[in-house]
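Open the model in your viewer and keep the sequence panel beside it. The tour goes from one selection to the next.

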Amino acid sequence: QVQLVESGGGLVQPGDSLRLSCAASGTIFSINTMAWYRQAPGKQRELVAEITSADSPEYADSVKGRFTISRDNAKNTVYLQMNSLKPEDTAVYYCFADISRSTWYRSDYWGQGTQVTVSS
């Protein structure tokens, strides 16, 4: 069994920063791509940023230059540093991981979500 546990959400003002963390635990052979998605009320879930096992990041155009994704493979953890936050960044943020539990078993996993609210 594998679990992804997120932390770091909260209520901040426009221009502030937040750092989200997501730790994977359980029977893990290796972690492939890790990512952050978000879903605002009434909207579809969208990819915010992803990072491969080779530490190659990709970002949505809406967050480029403001958000930074990183990972600590020794801790099975992915981070999302969010700077210059805007009200339109308000959403529930979900962690995603493509995890191999053995050489032959690989599956996608999601965290429970953490609320980020940007408001003055």
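Select cysteine 22 and cysteine 95: a disulfide joins them, with an S to S distance of 2.1 Å. The model is a predicted one, and a search of the whole structure finds 1 disulfide. Look along the S-S bond: the angle about it is -80°, and the link of cysteine 22 and cysteine 95 is left-handed.

Next, colour the two strands that carry these cysteines. Cysteine 22 lies in strand β3 (residues 18-26) and cysteine 95 in strand β9 (residues 91-100). The two cysteines are 73 residues apart, so the pair links distant parts of the chain.

Are the two cysteines buried or exposed? Cysteine 22 has a relative accessible area of 0% and is buried, because the cut-off for that class is under 20%. Cysteine 95, also at 0% relative accessibility, counts as buried.

Hide the surface and move to the sheet that includes β3. Here 4 strands form an open sheet in the order β1-β3-β8-β7, with antiparallel pairing. Which strands stand at the edges? They are β1 (2-7) and β7 (67-72); each has a single partner strand, so one side of each is left without a neighbour in the sheet. Turn the view to follow the twist, which averages 15° from one strand to the next.

Last, select β7 together with strand β8 (residues 77-82). These two pair in the antiparallel sense over 6 bridges. For one of the residue pairs, pick arginine 71: its bridge partner in β8 is valine 78.

Methods:
Residues are numbered from 1 along each chain as its sequence is written. This is a predicted model: local features need pLDDT of at least 70, side-chain atom pairs count only at pLDDT 80 or more; totals for chains, interfaces and linings use all residues. Side-chain values use heavy atoms; hydrogens and water are left out. Two strands pair if DSSP finds at least two bridges between them. Axes are lines fitted to C-alpha atoms, for helices over the stretch in contact, and angles run from 0 to 180 degrees between N-to-C directions. A disulfide is a pair of cysteine sulfur atoms within 2.5 Å. Buried means under 20% relative accessible area, exposed over 50%, partly exposed in between (1.4 Å probe, protein chains only).
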